[in-house]
Amino acid sequence: MIGFAHEPAARKLCGKTSCYRPPVPKAPLQHWLIKSEPAKYSWAQLEKDGRTHWDGVRNFEARNNIRSMKEGDYCLFYHSNDGKTVVGVAKVIKEAYPDPSAPEEDWSAVDVAPLKSIKSPVSLDVIKSDPTLTEMALLKRSRLSVVPVTKDHFDHILKLGRTKV
């Protein structure tokens with residue numbers, strides 16, 4: 001029995017098959033940065049498609065980050081190589097599942113959808129020069145295509161980009 005069931009009045013409310021249980025709080029929203037080369041898959045293409053599978057990740061740490069993503073999490077969309085700029089905010093709409101581009105291998109994918117374009121895209125040079133962002137995973141783990149972002153860093157990038165979500 002749950003903690004209060006030893007009290008006589010509580011026993012009347014708590015039957016054998018059902019008992020009041022307080023709602024389980026939702027996990028706090030997480031924030032991520034996902035990278036894509038604009039020539040392969042751009043923010044504009046995600047906006048046009050309305051959603052996509054975020055697959056093809058072949059790094060164990062990035063794969064584990066994908067597996068940690070939850071539905072509703074926000075992702076900064078970063079154009080890598082050409083542009084090196086945060087250009088949009090996406091939302092995780094389907095949690096991790098086996099990567100369809102790697103059958104019979106242990107890789108994962110998530111589905112994301114565009115949420116909002118960044119009004120003033122935030123370049124890597126701006127991120128590197130901002131003292132608030134010196135510990136950002138984009139700078140510390142620059143080779144990874146999927147990295148966590150703290151809420152403070154996420155909010156600061158949005159502020160730099162003059163964008164609200």
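Two strands count as paired if DSSP finds at least two bridges between them. Strands (E, at least two residues) and helices (H or I, at least four residues) are DSSP runs, numbered from the N terminus. This is a predicted model, in which local features need pLDDT of at least 70, side-chain atom pairs count only at pLDDT 80 or more, and totals for chains, interfaces and linings use all residues. Residues are numbered from 1 along each chain as its sequence is written, and side-chain values use heavy atoms, with hydrogens and water left out.

**The sheet**

- Six strands make up an open sheet with mixed pairing, in the order β2-β5-β4-β3-β1-β6.
- The edges are held by β2 (52-54) and β6 (146-149); each has a single partner strand, so one side of each is left without a neighbour in the sheet.
- On average, neighbouring strands of this sheet are turned by 40° against each other, direction ignored; for such angles, axes are lines fitted to C-alpha atoms (for helices over the stretch in contact), and angles run from 0 to 180 degrees between N-to-C directions.
- Strand β4 (residues 85-98) pairs with strand β5 (residues 108-123) in the antiparallel sense over 10 bridges.
- Within β5, Val 112 is the residue that stands opposite Val 92.

**Strand β1**

- β1 runs parallel to β3, and 6 bridges join the two.
- Opposite Trp 32 stands Cys 75 in β3.
- β1 and β6 run antiparallel and are joined by 4 bridges.
- Here Leu 33 has Val 147 in β6 opposite.
- In β1, 6 of its 6 residues are buried, where buried means under 20% relative accessible area, exposed over 50%, and partly exposed in between (1.4 Å probe, protein chains only).
- In a regular strand, side chains alternate between the two faces of the sheet.
- Both faces of β1 are covered: one side has His 31, Leu 33 and Lys 35, the other has Trp 32, Ile 34 and Ser 36, and all are buried.

**Aromatic pairs**

- The whole structure has 4 aromatic pairs; rings of Phe, Tyr and Trp (its six-membered ring) pair if their centres lie within 6.5 Å, and planes under 30 degrees apart count as stacked, over 60 as edge-to-face and the rest as tilted.
- One of these joins Trp 54 and Phe 77 edge-to-face, at 5.6 Å centre to centre and with 80° between the planes.
- This pair links distant parts of the chain, since Trp 54 is in strand β2 and Phe 77 is in strand β3 (residues 74-79), 23 residues apart.
- Trp 54 is buried at 7% relative accessibility, and Phe 77 is buried with a relative accessible area of 0%.
- Trp 43, Trp 54 and Phe 77 are linked into a cluster by ring pairs.

**Pockets**

- Rolling a probe the size of a water molecule over the atoms shows where empty space is left.
- On a 1 Å grid over the protein atoms alone, a pocket is an open set of points with protein on both sides within 12 Å along at least five of seven lines, and lining residues have an atom within 4 Å of a point.
- The largest pocket holds about 690 Å³ of space, a volume being the space filled by probe spheres set on the points, which are joined across faces, edges and corners.
- This pocket is lined by 25 residues, and the closest to its centre are Lys 35, Ser 36, Glu 37, Ser 80 and Ser 145.
- At least two lining residues each come from β1 (31-36), β2, α4 (124-129) and α5 (137-140).
- The second largest pocket has a volume of about 150 Å³.
- Among the residues that line the second largest pocket are Lys 26, Pro 28, Asp 73 and Glu 95.

- Glu 104 lies in the loop between β4 and β5 and has a positive phi of about 65° although it is not a glycine.
- Glu 104 is exposed, with a relative accessible area of 86%.
- Ala 102 also has its place in the loop between β4 and β5, but Ala 102 is buried, with a relative accessible area of 3%.
- Ala 102 and Val 57 are 45 residues apart in sequence and 9.6 Å apart in space, C-alpha to C-alpha.
- Arg 162, in the segment after α6 (151-160), has a positive phi near 50° and is exposed at 55% relative accessible area.

Notes. On a 1 Å grid over the protein atoms alone, a cavity is a set of points where a 1.4 Å probe fits but cannot get out, and a pocket is an open set with protein on both sides within 12 Å along at least five of seven lines; lining residues have an atom within 4 Å of a point.
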